[in-house]
Amino acid sequence: MTKQNETSWAEVGKSHPHESAVLHVSGRANYTDDMPETQGTLHAALGLSTQAHALIRHMDLNAVRQAQGVIAVFTARDFPGSNQCGPIIKDDPILADGVVEYVGQPLFAVVARSHELARRAARLAKIDYETLPAILHPRAAHEQQSYVLPPMSLTRGDAQHAIANAPHRISGEWQVGGQEQFYLEGQIAYAIPQEADGMYVACSTQHPSEMQHVVAHALAIPLHSVQVECRRMGGGFGGKESQSALWAGVAALCAFKLQRPVKLRADRDDDMLVTGKRHEFHYDYEAGYNDEGLILGVKVQMLSRAGFSADLSGPVATRAVCHLDNAYFLSDVDIRAMCCKTNTQSNTAFRGFGGPQGAILIEHIIDDIARHLGKDALDVRRLNFYGRNDDEGRNVTHYGQKVVDNVIHELVAELEQSSDYRARRAAIAKFNATSPVLKKGLALTPHKFGIAFNVTHLNQAGALVHVYLDGSVLVNHGGTEMGQGLNTKVAQVVAHELGVPLSAVRITATDTTKVANTSATAASTGTDLNGKAAQAAARQIRDRLATYAATTLGGVASEVSFSDGNISSGGNTVLFSELVQKAYLARVQLWSDGFYATPDLHWDGKSMKGNPFSYYAYGAAVSEVVVDTLTGEWKLLRADVLYDAGNSLNPAIDKGQVEGAFIQGMGWLTTEELVWNASGKLTTHAPSTYKIPAISDCPEDFRVSLFKNKNVADSIHRSKAVGEPPLLLPFSVFFAIRDAIASVADHQRHPPLPAPATSEAILRAVNAIRD
Ligand code: MTE
Ligand code: HPA
Ligand code: MOS
């Protein structure tokens with residue numbers, strides 16, 4: 001291998017702006033809906049179910065067909081191939097067929113001359129339903145054993161025995177709510193028929209290859225006849241990992257049948273009514289602990305709201321089970337998880353993918369333990385941390401993976417200091433003693449998050465790198481850009497490898513005709529996987545150039561250096577572009593593919609044991625809130641965050657990810673509440689009724705830093721993933737609110753506070769523990 005000049009521009013590790021930042025802020029970044037429309041483009045809209053569970057006796061679509069501007073109406077029966085879009089299990093019809101299973105389920109698609117005419121026409125259907133009993137709550141589903149998948153279980157040791165013999169025990173029920181992804185760009189697909197039964201689909205999706213599969217199967221054509229492309233998304237957050245499929249499938253069906261381009265763009269209400277969200281979780285737990293607060297045994301049952309079909313609920317529940325430990329060693333555990341089938345939207349991926357729902361429960365248990373023992377929760381947390389890496393007794397997770405990269409002790413110690421945790425704790429106690437209405441609260445919560453897809457085979461990626469004769473470089477990889485900065489980081493990796501400036505590297509739209517059989521950009525692995533694949537591709541070109549350079553410049557291939565836009569060998573230096581031109585004339589291949597598969601992963605789904613993760617990303621946050629105990633209103637006054645991005649490829653982008661995830665997670669745990677009415681209709685399906693955080697909810701004092709670290713695993717430049725883990729950091733906001741509430745009863749009672757801690761929920765908790 002050729003020599004990398006470590007003192008070069010080091011395009012990796014620098015805070016380059018997002019590669020599309022200028023386009024984003026000047027409105028010139030193209031999203032799917034911005035593509036120039038091909039002549040003859042038509043627009044589709046969906047007719048939605050108004051019943052939660054019913055047989056469809058008859059669909060009278062005459063009025064829809066006769067409405068102004070309508071070209072055609074399609075139903076489940078019109079698919080030449082499969083009417084299925086379930087990513088793992090085929091239990092998910094694209095258009096309802098004979099039965100509806102939630103309010104909002106698409107029944108038919110109407111194609112019209114304009115978007116508005118299609119939407120108006122869709123309302124004119126007369127559907128004759130035969131109502132069936134609906135299950136609207138996970139606990140009701142559990143009582144009836146209504147699951148989308150068989151229950152899961154993971155045990156280690158003897159939790160029952162450990163709890164029974166522990167000096168102290170707690171038990172209870174708790175719940176955390178779901179969450180709408182609320183990507184700013186809604187779901188959209190634009191299908192354009194191609195010659196010989198081909199189909200091109202531009203789609204806002206985290207998973208172009210999966211869209212290719214769904215479209216090919218729906219149209220009964222081979223995969224090579226379908227091209228799916230995504231330049232960028234205006235956010236995905238997991239909501240476009242599998243559930244862009246319905247939109248791609250319907251647009252492709254309409255375009256195929258009519259042999260005309262068809263665009264299907266969801267408006268916000270339809271998007272929220274149709275698509276799945278983060279899984280709400282309901283827990284029954286028991287734990288045993290000693291006088292210091294050391295956890296001796298934990299027994300948990302988790303019920304998730306899967307909705308009407310399996311979608312990704314299985315891997316989500318698996319990740320929840322594998323994150324119950326969070327940063328803590330749990331010797332004896334007994335975990336059961338059920339994916340409850342309810343007559344609601346089919347829940348799906350959302351940043352954290354069940355990890356947050358697993359980890360927050362142990363934090364809730366620890367919060368109660370600390371209050372019961374009259375200890376600072378930080379001390380109880382620290383006592384339960386995984387041992388340092390050489391601590392053989394306390395460094396194996398409940399699923400059998402050895403923790404070899406634990407930095408939580410050092411990271412939390414640093415944050416405790418830098419946030420002035422102890423002094424602020426004392427100041428808050430003082431404040432609360434003299435403030436009858438406004439109460440302050442403080443909490444420090446840590447996280448440890450496993451990085452890799454928990455479905456082993458998904459941990460692979462490919463890339464193509466082209467070097468052109470002017471020295472400019474074009475990169476295509478299997479990952480998708482959703483704002484997270486993946487393309488910027490991959491471009492940095494390639495620029496670094498070839499020793500060219502970042503401006504010389506351009507990344508093209510994700511395209512199933514360029515890199516085949518890609519995984520979703522998900523599980524925070526985008527850069528880990530595609531960065532390595534692009535590096536491998538660039539390295540091959542570099543090696544070929546080095547061999548050639550040695551023959552023309554002198555020196556030996558292994559000593560050739562690539563830096564600052566130059567190539568040097570044998571004491572001679574030429575411009576990168578100059579050598580490229582000469583190499584072309586010498587018939588050296590100037591493009592290459594690259595492939596990467598994460599090593600050493602294995603998982604046994606039955607016993608739920610193995611080595612599912614490549615490494616862990618750690619972090620911690622301290623949040624201070626003030627709560628108005630008469631209204632339930634609250635404010636985050638200050639947040640201090642320390643995140644372990646390893647050897648960060650781009651500190652500015654990583655900090656942006658941490659800030660965004662923190663605020664998004666705070667929304668999940670506080671103001672974002674999904675409400676279904678008694679007939680199963682989601683009533684919070686627009687920003688008017690569903691409150692995501694606004695800029696005014698961000699703390700004025702927000703201190704985000706990256707922890708100095710180097711990945712122990714051989715990740716791309718020893719960096720660590722950053723996309724999802726920081727969503728766990730605002731646990732600290734929730735527990736700070738709980739701490740503030742507890743102060744009204746002098747920390748003697750546990751506030752019964754579910755998540756989301758809406759103002760109403762806060763007020764109820766205050767009133768429940770006040771004398
Ligand atoms: N950041 C932005 N701006 N927009 C997004 O949609 N999605 C998150 C995270 N950060 C998201 C985001 C989710 S759910 C994941 S899995 C990762 O980005 C995916 O990208 P990565 O693997 O490249 O980090
Ligand atoms: N995250 C996101 N998507 C996934 C995962 C995961 O861990 N496993 C399978 N699909
Ligand atoms: Mo992210 S939930 O893995 O798309």
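The legends below accompany several views of one predicted model.

Residues are numbered from 1 along each chain as its sequence is written, and chains are lettered from A, with ligands numbered from 1, in the order in which they are written. Because the model is predicted, local features need pLDDT of at least 70 and side-chain atom pairs count only at pLDDT 80 or more, while totals for chains, interfaces and linings use all residues; side-chain values use heavy atoms, with hydrogens and water left out.

**View 1. The protein chain as a whole.** The protein chain has 19 helices and 29 strands, where helices (H or I, at least four residues) and strands (E, at least two) are DSSP runs numbered from the N terminus. The radius of gyration, taken over C-alpha atoms, is 27 Å, close to the 28 Å that the globule rule gives for 771 residues, so the chain is as compact as a globular protein of that length; the rule itself is 2.2 Å times the number of residues to the power 0.38. Along its principal axes, the C-alpha trace spans about 85 × 75 × 45 Å. Of the 771 residues, 63% count as buried, a word that means under 20% relative accessible area, whereas exposed means over 50% and partly exposed lies in between (1.4 Å probe, protein chains only). Among the contacts with a separation of 6 or more, 80% come from residues 24 or more positions apart, a contact being heavy atoms within 4.5 Å.

**View 2. The surroundings of D325.** D325 lies in the loop between helix 9 (313–322) and strand 15 (333–341), and with a relative accessible area of 0% this residue is buried. Its side chain makes a polar contact with the side chain of K448 at 2.8 Å; such a contact is a pair of N or O atoms within 3.5 Å, and within protein one must be able to donate a hydrogen and the other to accept it, while residues adjacent in sequence count only if both atoms are side-chain atoms. Apart from neighbours within four places in sequence, D325 is in contact with L330, I362, Y386, T397, H398, Y399 and K448.

**View 3. Helix 15 against helix 16.** The axes of helix 15 (residues 526–553) and helix 16 (residues 576–585) come within 10 Å and cross at roughly 90 degrees, which makes helix 15 roughly perpendicular to helix 16. Axes are lines fitted to C-alpha atoms, for helices over the stretch in contact, with angles running from 0 to 180 degrees between N-to-C directions, and 65 to 115 degrees counts as roughly perpendicular. L545, Y548, A549, T552 and L553 in helix 15 meet F576, L579, V580, K582 and A583 in helix 16. The residues of this contact divide into eight nonpolar, one polar and one charged, where Ala, Val, Leu, Ile, Met, Phe, Trp, Tyr, Cys and Pro count as nonpolar, Asp, Glu, Lys and Arg as charged, and the others, Gly among them, as polar.

View 4. D311, in the loop between strand 14 (295–307) and helix 9, has a phi near 40 degrees, a positive value in a residue other than glycine, and at 3% relative accessibility D311 counts as buried. A523, in the loop between strand 20 (510–511) and helix 15, has a positive phi near 55 degrees and is buried, with a relative accessible area of 12%. The peptide bond from A755 to P756 is cis, with omega near 5 degrees, and P756 is placed in the loop between helix 18 (731–742) and helix 19 (759–769).

Methods: Parallel < 35°, antiparallel > 145°, perpendicular 65-115°, else oblique.
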